[in-house]
Each structure stands twice: as C-alpha cells, then as structure tokens.
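Dear colleague,

I am passing the structure below on to you, together with a short account of what was found in it. Please read the two side by side.

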Amino acid sequence: QVQLVESGGGLVQAGGSLRLSCVVSGITFSRVAIGWYRQAPGKQRELVARIGRNSTTNYANSMKGRFTISRDNAKNTVYLQMSSLKPEDTAIYYCNANVYNAFGIWAGAFWGQGTQVTVSS
C-alpha cells in the first residue's frame with residue numbers, strides 16, 4: 001500500500017519560509033515521481049512543482065524562484081522549500097505520487113492527506 005505523509009505546514013508571516021516534507025512508503029522510491037499541489041478555499045487544486053524519478057524538476061510560473069523541490073532517495077522523502085511567502089500562497093498543500101512499475105509503465109497515482117500553509121500579511 002503506497003502511503004504519502006506530508007508535514008511542515010503552519011502559520012508564517014509574509015516574506016517568511018517553510019519547508020514541507022512528503023514521506024513515501026510502500027513502494028520503491030526510485031519508481032515514484034512526486035508533485036506538490038495546492039488548493040486554496042474556493043479554488044481548484046493547482047500544480048506547484050514536480051520532481052521526476054531522475055530528479056528533473058518543473059515549477060508553476062508563479063512559484064519559480066521562490067520554491068524549490070528536491071528529493072532525498074535515502075529517506076524516501078521529497079521536500080518543498082518555500083521562501084518569500086505571500087498571503088496568496090495560503091492553501092492546503094498536497095503531495096501526489098505517480099508510480100511506475102519495473103518496466104517504466106505508469107502504475108497509478110496516490111495522494112497524501114495535505115498540510116495547511118497559512119501566510120499572514
């Protein structure tokens with residue numbers, strides 16, 4: 001059973017920083033590509049950043065230069081370092097895993113429960 005557990009959310013003032021973590025279990029970590037998404041009240045869930053199995057990254061335009069996604073394969077963990085936070089970054093942040101089998105074929109997607117990030121002005 002693939003499980004994703006996010007942590008690191010909280011309340012921070014505008015201009016501050018937070019680091020979110022997503023720990024993945026139940027799957028060989030090298031077979032997992034991870035995305036961070038967020039959903040603000042009344043809005044659709046949107047992509048924040050993704051990191052592939054080979055550590056290639058891509059970011060939503062509004063996060064470029066402020067957010068950094070990384071992975072630690074020894075710890076089965078993906079991080080999202082967020083800096084220069086703005087009130088509009090307030091949302092629930094979710095970790096998403098796309099899992100591939102030993103042949104590189106997509107085998108499913110899984111979500112974590114989310115972690116709340118609140119940025120005060």
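Which pattern does the protein chain follow when read along the sequence? The pattern is β-β-β-β-β-β-β-β-β-β-β, and the secondary structure comes to 0 helices and 11 strands. Here helices (H or I, at least four residues) and strands (E, at least two) are DSSP runs, numbered from the N terminus.

Please note that this is a predicted model, in which local features need pLDDT of at least 70 and side-chain atom pairs count only at pLDDT 80 or more, while totals for chains, interfaces and linings use all residues. Residues are numbered from 1 along each chain as its sequence is written, and side-chain values use heavy atoms, with hydrogens and water left out.

Of the 121 residues, 41% count as buried, meaning under 20% relative accessible area with a 1.4 Å probe, protein chains only (exposed is over 50%, partly exposed in between).

E1 and E3 are joined by 5 bridges, and Glu-6 has Cys-22 in E3 as its bridge partner.

The largest nonpolar core has 30 residues, and Ile-34, Trp-36, Leu-80, Met-82 and Tyr-93 have the most contacts inside it. Such a core is a set of buried Ala, Val, Leu, Ile, Met, Phe, Trp, Tyr and Cys residues joined through side-chain atoms within 4.5 Å. Its largest share, 5 residues, comes from E9.

Thr-115 lies in strand E11 (residues 115–120) and is buried, with a relative accessible area of 11%. A polar atom of the Thr-115 side chain lies 3.2 Å from the backbone nitrogen of Gly-9. Leaving aside neighbours within four places in sequence, Thr-115 is in contact (heavy atoms within 4.5 Å) with residues including Glu-6, Leu-20 and Tyr-93.

Yours sincerely

Terms used. A polar contact is a pair of N or O atoms within 3.5 Å; within protein, one must be able to donate a hydrogen and the other to accept it, and residues adjacent in sequence count only if both atoms are side-chain atoms. Two strands pair if DSSP finds at least two bridges between them.
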